[in-house]
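Have a look at the sequence and the structure first, and then read on.

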Amino acid sequence: MSGTEHPDVVLCPGGPMLLRGDHVVQDADGELHHTQRPVSAVCRCGKSGSQPWCDGTHKLIPAKNRP
Amino acid sequence: MLTPKGRGSLSDIVFSSMRSSSPTWKLALSTLADDDEDLQITLWALYELHYRGFEDVDDSMEWQPELIELRRSLETSFEHTLRDRAPSVSPDGEFAETFFDFVADHDGPSLASHVHKDADHEQVLELLRMRSIYHLKESDPTTWVVPRLPVRTKAALMELQFDEYGCGDPTRLHAQLFARGMDQCGLRPEYGAYIDDVPLEVLEENNAMSLFGLNRRLRGASLGHLAAFEVTSSIPSRRIAQGFARLGLPDAMIEYYTEHVEADAVHEQLAVRTICGSLLEEEPALRDDVFFGAFTCLDLEDRFAHRMLAEWAA
C-alpha cells in the first residue's frame, strides 16, 4: 500500500476477502446478501457457518488447506 | 454512577477525598494499598475520572494534581506487574502470520466453551455482570490512542472504531447493543452498575486497557491488546451465542454475541494487518510493545477464566 491508492478489495493470506463499502454478494446458492458494515469479510475457505461472510473458522483448519 | 465501595485503606481514603469539598490529599498520598484489589479499584476509579466520571465527584477532579500523581504511582506499579508476567522476547517473523500464530499458540481455559455446553442460567448472568464493566464502554479505551498515531494507522483504527460505534447509528453502537441485552436479561444496563461485584481479575482487565490507552508511549501495547482481543472474539462469540440460546436468554443478548461473530472476523484482519501492521511499518521499535499488549490481553483473560471456572467448580 503506498501513494494515493487505497484498495477496496483485500485478499488476506489464509483468510477472507475484505470488501470496503456497500456491495451485494451472491452466495453459492444464488442468494443475495447486502454488506452491513464499513468493511465486510467474505469467506474464502468455504467452512464459515455464516456464509457468505467469514466467521473466523479458517483458523481452525490446517494451514495447508487455507486459501 | 457513584464512586465504588472502597476495598481497603487506600481506596477508602481516596474515594472519600474525591467526594469531599475539602479533601485531605496528604493522607491519601501517604496511604499504601492493603492488597492488589485495593490498588486496582483505586486505579479503576482514577481512570474513570477520564471517562464518564462519578455523580458524587466534581468534574474538576479529573486533573487534580494529587490524583494524577497517585494514578501515576499506581499505574507504574501495575505496568511493572504486567511486564513481569509477559515473555521478555517477542517472536520474530513476518508480522501478521507471526501474530496470528502467537495468539493461536497461547493455551488457556475457555469461558466460551463452558458457556456453550455446561453453564447454568445463574452463571451466565454472573458472567454478564462481570463483562458489563467493559462492554458498556466497549472500544472507549482504544479511542484515546487515535490522535497519537501515524496517518495510515489512524485511518485504519477509525475504520474499525466506526463500526464499533455503530457507524453513526446510536442504536447499533456495540456498547448500546450490550446495554439492551442486559436490560432484557433483567440486569442493570447502566454504565458501571456492577463495579462493586467484580473481582480483581476484571479490574485488572479493565485497568490494563486504560493504562495502554491513556499513555501515548504505550500506543503499541494498546493496539496489540486490541488485535489479540479481536483475534480471540469471533469463534468464542459464536459458542457464547449458542450457549445463551441453549439457556433461553433474550434475543437482544444473543444478538450482541452473534453480531461479534461477523464483526470481529473483519476486525481481526483489520487490527492485525492494517492497524498493527501499518504501525510497525512506521514505528518498528514498537513491535515488542505490540506483543506485550497482546500477551496481556490473553493472560488477563486466562486469569479471569481460571477464577470464574474455579468459582463455578467447572
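This is a predicted model: local features need pLDDT of at least 70, side-chain atom pairs count only at pLDDT 80 or more; totals for chains, interfaces and linings use all residues.

**Two helix pairs in chain B**

How do helix 12 and helix 15 of chain B cross? Helix 12 spans residues 219-231 and helix 15 spans residues 287-311, and their axes cross at roughly 45°. Helix 12 of chain B is therefore oblique to helix 15 of chain B. The crossing of these two helices is right-handed. On the helix 12 side, the residues that meet helix 15 include Gly220(B), Leu223(B) and Phe229(B); among their partners in helix 15 are Phe291(B), Gly293(B) and Leu298(B). This contact contains 11 nonpolar, 6 polar and 1 charged residues.

Now turn to helix 13 and helix 14 of chain B, which pack at an angle of about 165°. That angle makes helix 13 of chain B roughly antiparallel to helix 14 of chain B. Helix 13 passes helix 14 in a left-handed crossing. Among the residues making this contact are Ile240(B), Ala241(B) and Phe244(B) of helix 13, together with Ile254(B), Tyr257(B) and Val261(B) of helix 14. Sorted by class, the contact of helix 13 with helix 14 has 9 nonpolar, 4 polar and 3 charged residues.

Here are the two pairs again, side by side.

| Helix pair (chain B) | Angle | Axis distance |
|---|---|---|
| helix 12 and helix 15 | roughly 45° | within 6 Å |
| helix 13 and helix 14 | about 165° | 8 Å |

**Where chain B touches chain A**

How many residues does each chain bring to the contact? Chain B gives 17 residues and chain A gives 16 residues. On the chain B side, helix 9 (151-164), helix 13 (234-247) and helix 14 (251-282) each supply at least two residues. Helix 14 of chain B provides the largest share, 9 residues. The chain B side divides into 9 nonpolar, 2 polar and 6 charged residues.

Where the domains touch, domain 1 of chain B contributes 15 residues and domain 2 of chain B contributes 14 residues. Helix 3 (36-48) and helix 4 (65-85) of chain B each supply at least two residues of the domain 1 side. The largest share of that side, 7 residues, comes from helix 3 of chain B. By class, the domain 1 side has 7 nonpolar, 2 polar and 6 charged residues.

Definitions and conventions: Residues are numbered from 1 along each chain as its sequence is written. Chains are lettered from A and ligands numbered from 1 in the order in which they are written. Axes are lines fitted to C-alpha atoms, for helices over the stretch in contact, and angles run from 0 to 180 degrees between N-to-C directions. Helices (H or I, at least four residues) and strands (E, at least two) are DSSP runs, numbered from the N terminus. Angles under 35 degrees count as roughly parallel, over 145 as roughly antiparallel, 65 to 115 as roughly perpendicular and the rest as oblique. A crossing is left-handed if the near helix is turned anticlockwise from the far one by less than a right angle, and right-handed if clockwise. Two residues are in contact if their C-beta atoms, placed from the backbone, lie within 7 Å. Ala, Val, Leu, Ile, Met, Phe, Trp, Tyr, Cys and Pro count as nonpolar, Asp, Glu, Lys and Arg as charged, and the others, Gly among them, as polar.
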